[in-house]
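Visitor: I have a few minutes and would like to go through this one with you. Could you take me through it, beginning with whatever you find on the inside?

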Amino acid sequence: MPQLPVGLRAGAAALAALAAGQPPARPAREARVLMGTTAEVQALVPAEAPAALEAAFAALARVDDSMSLWRPSELSTLNEAGAAVVSGPLLDTLQVALDV
């Protein structure tokens, strides 16, 4: 059976809590310093919160590793060299940025 989208799982969990006479669980939130700023992530399904928060921060860390302008990164190397072979994700991001 396919898994429901996170919004539907969160809604179903909230409805189940209300039906049981309990207040719905509050979203789990965590903030970390990444990319030179504070990034806050919210997980809507409490049972999935630890893994969801870690996955979100891991994705942000990959962006920071690839695109940092303050420390060596794939993007800073490209900027310094003026031309370089870059990874697929960075190329996709730069193409979207050029289209904006």
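Guide: Bearing in mind that this is a predicted model, I would begin with the largest nonpolar core, which has seven residues, namely L34, A39, V41, A43, A49, L53 and F57. Strand β2 and helix α2, the latter spanning 49-67, each supply at least two residues of this core.

Visitor: Why would residues like that sit together?

Guide: In soluble globular proteins, nonpolar side chains tend to be buried together.

Visitor: What does A49 touch, once residues up to four places away in sequence are not counted?

Guide: With those set aside, A49 touches A28 and A43, and A43 is itself one of the residues of the largest nonpolar core.

Visitor: Let me step back for the overall layout. How many helices and strands are there in the protein chain?

Guide: The protein chain has four helices and two strands, and, read from the N terminus, these elements follow the order α-β-β-α-α-α.

Visitor: And what share of the residues counts as buried?

Guide: Buried residues make up 19% of the 100 in the protein chain. The accessible surface of the chain is about 7200 Å², and carbon and sulfur atoms hold 64% of that area.

Visitor: What about contacts between residues 24 or more positions apart?

Guide: Among the contacts in the protein chain with a separation of 6 or more, 24% are between residues 24 or more positions apart.

Visitor: Switching to charges now, how many salt bridges turn up in the whole structure?

Guide: A search of the whole structure gives five salt bridges. One of them pairs R29 with E40, where the closest N and O atoms are 3.3 Å apart.

Visitor: Are R29 and E40 buried or exposed?

Guide: Both R29 and E40 are exposed.

Visitor: One more place, then. Where does E74 lie, and what is it in contact with beyond its neighbours within four places in sequence?

Guide: E74 lies in helix α3, which covers residues 74-81, and, with those neighbours left aside, E74 is in contact with D65, S66, V86, S87 and L90. The side chains of E74 and S66 are joined by a polar contact of 3.1 Å. As for V86, its C-alpha atom is separated from that of E74 by 7.1 Å, although the two residues are 12 residues apart along the chain.

Visitor: And how accessible is E74?

Guide: E74 counts as partly exposed, with a relative accessibility of 25%.

Conventions. Residues numbered from 1 in each chain as written. Predicted model: local features only at pLDDT ≥ 70, side-chain atom pairs only at ≥ 80, totals over all residues. Heavy atoms only, no water. Buried < 20%, exposed > 50% of the residue type's maximum accessible area, 1.4 Å probe, protein only. Contact = heavy atoms within 4.5 Å. Areas by Shrake-Rupley, 256 points an atom, 1.4 Å probe, with all protein chains shown as cover. Salt bridge = Lys/Arg side-chain N within 4 Å of Asp/Glu carboxyl O. Core = buried A, V, L, I, M, F, W, Y, C linked by side-chain atoms within 4.5 Å. Polar contact = N/O pair within 3.5 Å; in protein donor to acceptor, adjacent residues only side chain to side chain.
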